[in-house]
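Welcome, and please take a moment with the sequence and the model.

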Amino acid sequence: MERWQNIQNVVVIGLGITGLSVVKHLVKYQSHTHVKVIDTRELPPGRESLPESVKLHSGSWNSQWLAEADLVVANPGIALATPEIQDVIQAGTPVVGDIELFGWAVDKPVVAITGSNGKSTVTDLTGVLAKAAGLNVGVGGNIGIPALDLLELDADLYVLELSSFQLETTSNLKLVAAAFLNLSEDHMDRYQGMDDYRDAKLRIFNHAQCAIVNREDKETYPEHTMPLVTFGLDDQEFGVVTSSGIEWLVDNNELIIPTQDLTLVGRHNVANALVSLALLKQVGLDYRKSLEALKVYNGLTHRCQVVADKRAIKWVNDSKATNVASTLAALTGLECQGTLYLLVGGVGKGADFSELKPVLSELERVQLCCFGEDAMQFIPLHPSAKTFETMHDIIESISKQLAPGDMVMLSPACASFDQFNNFMARGDAFTELAHEYA
């Protein structure tokens, strides 16, 4: 490709899964280049899998290698504001990420999803529905498989989750459709403020044929004129309507599927389903071929995932809700016929949990079960709040009073590392308890 003609020396910054995928891609498809890797960690993960032809400098920066580079490929975890990266940019050397390299190489349709919350679910669901419609689909990016590894699948369609970090170094990714789900405060240790964070997200629209945006969040709209498709929980475009007492997902007033047929839990997941259907439509797929798959889809592991449904009692694993915004999304519009037993707590990271108070007060019957290091911070949020030492203590206590129509939901609004290695381990522990007590 023409853009590679004058590139001889490539320096990859940061190893791990993403860095290793970059190296393998360059060695296979740009064999004329000399590839070197810099990782400031003494023992970077993935070093044992590097090809022999690739040199590794670990434990510090290597200014000589950077000065000699024709192209620098930076891991998304490394901020562009890093002084060493700024020196490269000032010298006029291009700094890109793995998504930009993907954009240079891909020759099949691509759709992409970004947003502060929900993007993993929409990405995964879109992939599931596209497969159900008969396509060979590559799903990854910020979740699962690195984007460059997806190229080995020779898929009919690629579905990417893109973080703001990845978008910072992406300039030429052509998309059939790009979805921006929502914007809420996050990563303020990396950005100058919300405008800076939003600008990074908006880069997803730079070379998109269509923008899919949230009617209820105008911050998701592109700042340049382009074709728009909107979604929301009202009766416009991709939305919801009530007909003969039944609520339906609709596409411009055309009934698609009753919301009661969805296995997914929570109003935010109704919106997520609408986005996936809108993405499929933009690709030219008949999404009606995928509706049976939509009905049975029960979510990403650890994200509003129904892990047990016995004796008319639902057990929902939302361990990935490690901040207030995620728990708010899970609770807003939540339908529970009986009592909601909500498990919250862990390491609060200095968060203000008071935002949860109004939504908890709107729930008819709720028992707030608080555990972990910051359990006491949840006590003022609801009269029902009780503290427990561990999650096991909670389940053991409430199991005796569970009744048909009840829901047990882990949506902690906190990090997990007081009692668990990560949110996945916490979710797995909850799932085991659900299976034991359901």
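Predicted model: local features only at pLDDT ≥ 70, side-chain atom pairs only at ≥ 80, totals over all residues.

Residues are numbered from 1 along each chain as its sequence is written, and side-chain values use heavy atoms, with hydrogens and water left out.

**The sheet and its helix**

- Six strands form an open sheet with mixed pairing, in the order β15-β16-β20-β17-β18-β19; strands (E, at least two residues) and helices (H or I, at least four) are DSSP runs, numbered from the N terminus.
- The edges are β15 (305-310) and β19, each of which pairs on one side only; two strands pair if DSSP finds at least two bridges between them.
- From one strand to the next, the twist averages 20 degrees.
- β18 and β19 run parallel and are joined by three bridges, and phenylalanine 371 stands opposite phenylalanine 388 in β19.
- Helix α14 (residues 423-437) lies across β15, β16 (313-317), β17 and β20, and runs at about 165 degrees to β16. Axes are lines fitted to C-alpha atoms, for helices over the stretch in contact (heavy atoms within 4.5 Å), and angles run from 0 to 180 degrees between N-to-C directions.

**Helix α11**

- Seven of the eight residues of α11 (residues 324-331) are buried, meaning under 20% relative accessible area, against over 50% for exposed and in between for partly exposed (1.4 Å probe, protein chains only).
- The buried residues of α11 pack against α9 (267-283), β17 (340-345), α12 (356-362) and β20 (407-410).
- At the start of α11, a side-chain oxygen of asparagine 323 comes to within 3.3 Å of the backbone nitrogen of alanine 325.
- Just after α11, glycine 333 has a positive phi of about 75 degrees.

**Histidine 382**

- Histidine 382 sits in the loop between β18 (366-371) and β19 (386-388).
- Histidine 382 counts as buried because its relative accessibility is 16%.
- Not counting residues up to four places away in sequence, histidine 382 touches Leu360, Ser361, Val366 and Leu368.

**Phenylalanine 102**

- Phenylalanine 102 belongs to helix α4 (residues 98-105) and, at 0% relative accessibility, counts as buried.
- Beyond residues up to four places away in sequence, phenylalanine 102 touches several others, including Val110, Tyr158 and Leu173.

Definitions and conventions
Polar contact = N/O pair within 3.5 Å; in protein donor to acceptor, adjacent residues only side chain to side chain.
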